[in-house]
Amino acid sequence: MRYLALCTDYDGTLATDGQLLPDTISALERLLASGRRLVLVTGRELDDLQKVCTRLDLFEYVVAENGALLFKPSTGEETPLAARPPEAFVTLLRQRGVGPISVGRVIVATWEPHETTVLATIRDLGLELQVIFNKGAVMILPAGVNKATGLAQALERMELSPHNAVGVGDAENDHALLAMCECSAAVSNALPTLKSAADIVTTADHGAGVVELIEEMLRDDLASREPQLTRHHVLLGTNEQGDEMRIAPHGETVLVVGAKGVGKSVFATTLMNRLAAQGYSFCVIDVEGDYGTIGKAVSLGSPSRPPTANEILKLLQGADKSAVVNLSGLSKSDRLPFLTALTPKLAELRARSGHPHWVVVDETEELPSPGDGESVLHITERPTLVSHEVLRETNLVIALGSKAQALLDEFCQVRGLDRPETRFTTLRDGEALAWWPKVTDARPFRLNIATPQQDPAAAGGGGSGVGKPGSERAARARTGSLH
C-alpha cells in the first residue's frame, strides 16, 4: 500500500452536526482492518472533543487545538506542542468585550467579528501570536503552530511519512493539513478555496464524503486517481522538444544501463538528491563503493567494515531516514547471499511503513527486485546482468553512452519485445535514450538529463511537462507528468 494513513478533520468533514454517523464509523473500522491507520486533526479543544466524539479509540493519535496538542487515546497521554498565550492576554480580551472566549491547553478561541480586537490586543501586548480562521471561529495560537506541525509530530511517532498519508478537510484551517499530505481531499461541502487546492473533491458531503474517500482507498489505494496526483512528480529532464519529463514518486521500476564511466551513478545521485529535496527517503545498495554523500543520507559500511542487516533496517525505520549502504567491504562471493537475505526484510519494511520510498540497486547481478510494484532504480552495464524478474517489472529504460541503442535492443531481445522505432542514432553529452516498454506504441526519446541547477524541485518547486505517450497515458500527459 502507498497510502497507509488517513488524516482527517472532524467538524464539517468527518462529523455531521458534530456527530459521527454509523456509516462513517463502519468505514473507519474497515480502513483499520485493511492495515491502515487513522489520525484525527481538529481545531477543537480536547475536553470538548471527548464530549461529542464517542469513538476516539479508532484513532492512533488526535491532533487537537489546531496543531497545539497531541493526544493518544489508547493511553490518555497528552502532549502540548506549544506554550499557552499568557493569562494577561485573555484578561485583556475580556476587558475589551471579546466573548465568548474558550481557553484550551494552548489555544485561545473566540468568534467573528472579534478578530480586529484580537489582533489589536496581540499588537498592544507585543506577543508573537497568530490568528487562524475556521468558518467563523477565530483561533489564537503561538506563531508557526497549525494542523501540519501537529500532524508532523503524530506521524513521527507513528514512524510514517507524510508521503504515505491522505489528508481530508473542509475549512480554512485545513490548508496546511492538505498541503502536507501526499494526497489531499476536500469534502463537497468544503470552502471553494480548499476544493480548488485539493487533489480530490468528493461528490458527497461531510462524513459521507469521507466514506467515499475510504472506499476508494480500499478499492485500489487511489491508483485510479493517479492522473490527478501530479504535484509531487519528479523531474528527470527534457525531451527533444524541450518539454519537461517527470515520473511519479511511487510505483516506478527504472532500469539504467550503460558501460562504466558513462554517468550511471551521477544520474542516480541526481535523481536521489531531487527526491530528497521533496522529502522522499531512499536506500542505495552501493556494491562497489561508488557513491558519496547524497542529500542527508547516512552512509553505512566502508571498505574495512561492511554494514549489518540490523543496522540498515534500524536506520530505515525512521520515516525521514535515507541510507547509502556501502558493501565494498564484503567479498564478491558474500555480497549476493547478504543481499538475498536483506531484500525480503527490506521489502517487508516498505510494505509495513511505505518507506524507504525508493531503493537503488547498483551493479548487482541476479538480485530479486526489492518490492513488486514499489519504486526501484536498477543500475547495470547490460540488461542481461539483472534478473528476468527485474526486466519484467521495468517500466522505464534509460540507456547511456555510445552503445545506448544496442543496449535497448538487448533489453528487447531478452524481454521478447519488438524493437521500437528510433528517430535518431547518436546521443550528445548529457543525453540518454529513454523508453517506456509497457506503453503501447511508445517510441524511445532523447532525454536531456537535468542537472541540479536546472531542477526546480531541488528548491521545492513544481513544474509542468509532457507525459508518457500512448492512450493509457493520454490523460496523464495533460497533467504535465510522466506517470
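This is a short tour of a predicted model, stop by stop, with something to select at each one.

Residues are numbered from 1 along each chain as its sequence is written. Because the model is predicted, local features need pLDDT of at least 70 and side-chain atom pairs count only at pLDDT 80 or more, while totals for chains, interfaces and linings use all residues, and side-chain values use heavy atoms, with hydrogens and water left out.

**Stop 1**

Start with the open sheet of 8 strands, whose order is 5-4-3-2-1-10-11-12 and whose pairing is mixed. Strands here are DSSP runs of E with at least two residues, helices are runs of H or I with at least four residues, and both are numbered from the N terminus. Two strands pair if DSSP finds at least two bridges between them. As background, strands of a sheet pair through backbone hydrogen bonds, either parallel or antiparallel.

Which strands sit at the edges? Select strand 5 (77-80) and strand 12 (200-201): each pairs on one side only.

Now pick residues 61-64 and 69-72. These are strand 3 and strand 4, which run antiparallel and are joined by 3 bridges. Look for Ala-64 standing opposite Leu-69 in strand 4. The two strands make a hairpin with 4 residues between them, and Glu-65 in the turn has a positive phi of about 55°.

Carry on to strand 5, which pairs with strand 4 in the antiparallel sense over 4 bridges. Leu-70 has Thr-79 of strand 5 as its bridge partner. This hairpin too has 4 residues between the strands, and Gly-76 takes a positive phi near 80°.

For a parallel pair, select strand 10 (residues 165-169) and strand 11 (residues 183-186), joined by 4 bridges. Gly-169 is partnered there with Ala-186 in strand 11. Helix 8 packs on this sheet and touches strand 1 (5-8), strand 10, strand 11 and strand 12; its direction makes about 170° with that of strand 1. Touching, or contact, means heavy atoms within 4.5 Å.

**Stop 2: helix 1 and helix 8**

Show residues 22-33 (helix 1) and 206-220 (helix 8): they pack at an angle of about 25°, with their axes 9 Å apart. That makes helix 1 roughly parallel to helix 8. Axes are lines fitted to C-alpha atoms, for helices over the stretch in contact, and angles run from 0 to 180 degrees between N-to-C directions. Angles under 35 degrees count as roughly parallel, over 145 as roughly antiparallel, 65 to 115 as roughly perpendicular and the rest as oblique.

Which residues of helix 1 meet helix 8? Select Asp-23, Thr-24, Ala-27, Leu-28, Arg-30 and Leu-31; across from them in helix 8 are Gly-207, Val-211, Ile-214, Glu-215, Met-217 and Leu-218.

While you're here, click Glu-212, which lies in helix 8. Glu-212 touches Thr-202, Thr-203 and Ala-204, not counting residues up to four places away in sequence. Glu-212 and Ala-27 are 185 residues apart in sequence and 8.9 Å apart in space, C-alpha to C-alpha.

**Stop 3**

Next, find the open sheet of 4 strands with the order 6-7-9-8 and antiparallel pairing. Strand 6 (102-103) and strand 8 are at the edges with a single partner strand each, so one side of each has no neighbour in the sheet.

Strand 8 (residues 129-134) and strand 9 (residues 137-142) pair over 6 bridges in the antiparallel sense. Val-131 has Ile-140 in strand 9 as its bridge partner. These strands form a hairpin with 2 residues between them, and Lys-135 in the turn has a positive phi of about 45°.

Helix 3 lies across strand 6, strand 7, strand 8 and strand 9, running at about 15° to strand 7. Helix 4 packs on the sheet as well, touching strand 7, strand 8 and strand 9.

Select those two helices, residues 87-95 and 115-125: they pack at about 135°, with their axes 10 Å apart. Helix 3 and helix 4 are therefore oblique to each other.
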